[in-house]
Amino acid sequence: MLQPYRDQFNAHFTPAAYTNLLARLNQLTRTTIDFRVAETPCFFPRELLNELAETGAELTHQLLNNPAYLQASNQTIPEPYRVPNETPQPNFMTVDFGLVRNPDGTLSPKLVELQAFPSIFGYQDILSRQYIETYNLDPNLTWHLGGLNETTYWQLLRQVIVGDHDPENVVLLEIDPGHQKTLPDFHVYEDKLHIATADIAKLRKQGNRLFYQRAGRDIPIHRIYNRAIVDELERKHLQLPFDYRDSLDVEWAGHPNWYFRISKFSLPYLSHPSVPKAVFLDDWFAQRNLEGLPDQREDLLLKPLYSFAGKGIQFAPTDQDLNSIPPADRHLYLLQERVAFEPTIKTPHGPTQAEIRIMYLWPDGDGLQPVIALVRLGRGLMMGVDHNRDRQWVGSSAALTPPL
């Protein structure tokens, strides 16, 4: 979007430089990245990123400052996964936006979804710097938000993830982490924060304490950087060495309850020009809360509330699709206005859509802070990196902006 950066990049791009970018990323993350990395970063005006960051914060506070919403969101936490000692606010927030074209030709942000769960904070910092270094871009370009730089960004991440603990007693907790596509991100925390990555199924519980094993030693866990998603636990029918409802002597960096409390479930409760109309499917069947929802099915999306990475989304759902969901499960689905996002990134393969994720940290006892942006480029129906593997100039990207 931002000129002259966009045209200059396209004119000087070479496949060899892109190959070099991938090689550097693999080396720095000590693995082979298993999702598509876009050939290009995105160049955005700072004003746009600031607008998105402010809007995401406003939406988040709209939920947190609404006692009725917080009460309603209690129902979202499945009883087997209701963790004690919930924190007053989530430590992590991500808010995804697309851009739509207004009748007067200007662009406006539209919310895709928001989630109180960590994203790839570690990998995204590495990726952003490597775009600049590998392609010899303007070294004054920045990618952190909220006035942060690389040093203060990692200081804040350390504060939120590690806290006051010895890093040896802090783990990134995941399901079979060695086979997750986000493994490159895990390795960055290992290198930068010196914490361990632990498989949730291989922990050991003794009394009310959890332990992980390293070099044959059982090491007590004092704080958990939680990356395990309940949807995957359920799909894999994993037997865990502890019960989420146990009163464990452990802190959570990203308390698990917030994954449910702020999610797709939140959309019908938000009121803002950036938020598309959405209703719970059981309300749609009961003919309630339908104001503003499009009449045409091609203008609707059907979304399961607690899937991840776009799993289970249906475009233009038919009567058969909707009726196939058992009445008892309809409250677990959202019927939402479908928004046509504008392709705004000029590439050799044509205009490409950008979905921009603003990522926030919320330290205990402090305020919500935007820290970095993640971009996903795509030209299909779905924007996730898993859905654009057979295309070029799409995939995981970064948001670069000129300095102040």
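1. A pocket here is an open set of points on a 1 Å grid over the protein atoms alone, with protein on both sides within 12 Å along at least five of seven lines, and a lining residue has an atom within 4 Å of a point. The space in this second largest pocket comes to about 500 Å³, where a volume is the space filled by probe spheres set on the points, which are joined across faces, edges and corners.

2. Please keep in mind that this is a predicted model, in which local features need pLDDT of at least 70 and side-chain atom pairs count only at pLDDT 80 or more, while totals for chains, interfaces and linings use all residues. Residues are numbered from 1 along each chain as its sequence is written, and side-chain values use heavy atoms, with hydrogens and water left out.

3. Returning to the second largest pocket, α8 (230–236) and α10 (281–285) each supply at least two residues of its lining, and α8 gives the most, with three residues. Helices (H or I, at least four residues) and strands (E, at least two) are DSSP runs, numbered from the N terminus. By class, the lining of this pocket has 12 nonpolar, four polar and five charged residues; Ala, Val, Leu, Ile, Met, Phe, Trp, Tyr, Cys and Pro count as nonpolar, Asp, Glu, Lys and Arg as charged, and the others, Gly among them, as polar.

4. The structure also holds two cavities of 30 Å³ or more, a cavity being a set of grid points where a 1.4 Å probe fits but cannot get out. The largest cavity has about 60 Å³ of space, and it is lined by Y81, F117, N226, A228, I229, V230, Y244, P256, Y259 and F260, a lining with nine nonpolar residues, one polar residue and no charged residues. In the second largest cavity there is about 30 Å³ of space, and the residues that line this cavity are A116, F117, P118, N226, G254, H255, P256 and Y259, of which five are nonpolar, three polar and none charged.

5. An open sheet of six strands has the order β1-β17-β16-β15-β2-β3, with mixed pairing; two strands pair if DSSP finds at least two bridges between them. At its edges stand β1 (42–43) and β3 (107–115), each with a single partner strand, so one side of each is left without a neighbour in the sheet. Strand β2 (residues 92–101) runs antiparallel to β3 and is joined to β3 by eight bridges, and T94 has Q115 in β3 as its bridge partner.

6. Four strands form another open sheet, with antiparallel pairing and the order β11-β14-β12-β13. Its edge strands, β11 (278–280) and β13 (314–315), each pair on one side only. Strands β12 (residues 300–304) and β14 (residues 333–337) pair in the antiparallel sense over five bridges, and L302 stands opposite L335 in β14.

7. Helix α5 (residues 121–134) packs against helix α7 (residues 183–193) at an angle of about 90°, with the axes 7 Å apart; axes are lines fitted to C-alpha atoms, for helices over the stretch in contact, and angles run from 0 to 180 degrees between N-to-C directions. The two helices α5 and α7 are therefore roughly perpendicular to each other, a term that covers angles of 65 to 115 degrees. F121, G122, Y123 and I126 of α5 make this contact with P184, D185, V188, Y189 and K192 of α7, where contact means heavy atoms within 4.5 Å.

8. The packing of α5 with helix α6 (residues 150–161) has an angle of about 170° and axes 11 Å apart, which makes α5 roughly antiparallel to α6, a term used for angles over 145 degrees. The contact joins F121, G122, D125 and R129 of α5 to E150, Y153, W154 and L157 of α6, and these residues divide into four nonpolar, one polar and three charged. Helix α5 also lies across β2, β15 (353–361), β16 (369–378) and β17 (395–400), and runs at about 70° to β17.

9. Two backbone details deserve a look, given that most residues other than glycine have a negative phi, and most peptide bonds are trans. The peptide bond from Q3 to P4 is cis, with omega near 5°, and P4 is placed in the segment before α1 (5–12). D176, although not a glycine, has a positive phi of about 45°, and D176 is found in the loop between β4 (170–174) and α7.

Definitions and conventions
Parallel < 35°, antiparallel > 145°, perpendicular 65-115°, else oblique.
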